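Notebook open, structure loaded. I want to go through the strands, then the helix between them, then the core.

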Amino acid sequence: WIKDTYTMLYGMDDVNSAGCVTGKPLSQGGIAGRVEATGLGVFFGTRDFLYMEDEVRKLGMEPGMRGKEIIVQGFGNVGFYAAKFFQDAGAKVTGIIEYNSAVYNPEGLDIEALKAHHKETGTLEGFSGASESKGAE
């Protein structure tokens, strides 16, 4: 209703009429890729920082994404896609932390398998590809 009201007030020619509301379906002016957009933004911000050679070396790290160990807080939409993009770029996602559980594997987690487990069970607990922790353990 917000988009409709904006359009009625300012007209279809106003450049902001389609963009005044986010999360719209494609048929109503939405953008393809919306589902993964925020996780991709997390990945891009981190990736771009990791290529700032002087800054990264100040932290005692080598520039670039490959071989970096990543732990992601949250495994909803944003966390899943961030972890997936990190893994696809050559980083090793070793941990995922959720509000009620966490999983860790120093060799790296299989993000797609973890997502399938999470979708099926509603939790990270019991994922066979990692050790787990509950609460503040």
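**Strands and crossover**

I started with E1 and E2: they run parallel and are joined by 5 bridges. Strands here are DSSP runs of E with at least two residues, helices are runs of H or I with at least four, both numbered from the N terminus, and two strands pair if DSSP finds at least two bridges between them. This is a predicted model, where local features need pLDDT of at least 70 and side-chain atom pairs count only at pLDDT 80 or more, while totals for chains, interfaces and linings use all residues. Residues are numbered from 1 along each chain as its sequence is written, and side-chain values use heavy atoms, with hydrogens and water left out.

I looked up who faces Ile96 of E2 and found Val72 opposite. I followed the chain from E1 through H4 to E2 and noted a right-handed β-α-β crossover (clockwise from the first strand over the helix to the second, with the strands pointing away from the viewer).

Next came E3, residues 102–104, which pairs with E2 in the antiparallel sense over 3 bridges. The two form a hairpin with 4 residues between them. Val103 in E3 is the bridge partner of Ile96.

**Helix H4**

I checked the length of H4: its 12 residues should span 16 Å at 1.5 Å a residue, and the end C-alpha atoms are 16 Å apart, so that agrees. The expected span is 1.5 Å times one less than the number of residues.

Which residues of H4 are buried? I listed Gly79, Phe80, Tyr81, Ala82, Ala83, Phe85 and Phe86. Buried means under 20% relative accessible area, exposed over 50%, and partly exposed in between (1.4 Å probe, protein chains only). Their cover includes H2, E1, E2 and H5. Just after H4, I saw that Gly90 takes a positive phi of about 100°.

**Core**

The largest nonpolar core has 23 residues, and those touching the most other members include Phe86, Ile96 and Val103. Such a core is a set of buried Ala, Val, Leu, Ile, Met, Phe, Trp, Tyr and Cys residues joined through side-chain atoms within 4.5 Å. H2, E1, H4, E2 and H5 each give two or more residues, and H4 gives the most, with 6.

**Met12**

Last, I looked at Met12, in the loop between H1 and H2. Met12 is exposed, at 64% relative accessible area.

Methods. Contact = heavy atoms within 4.5 Å.
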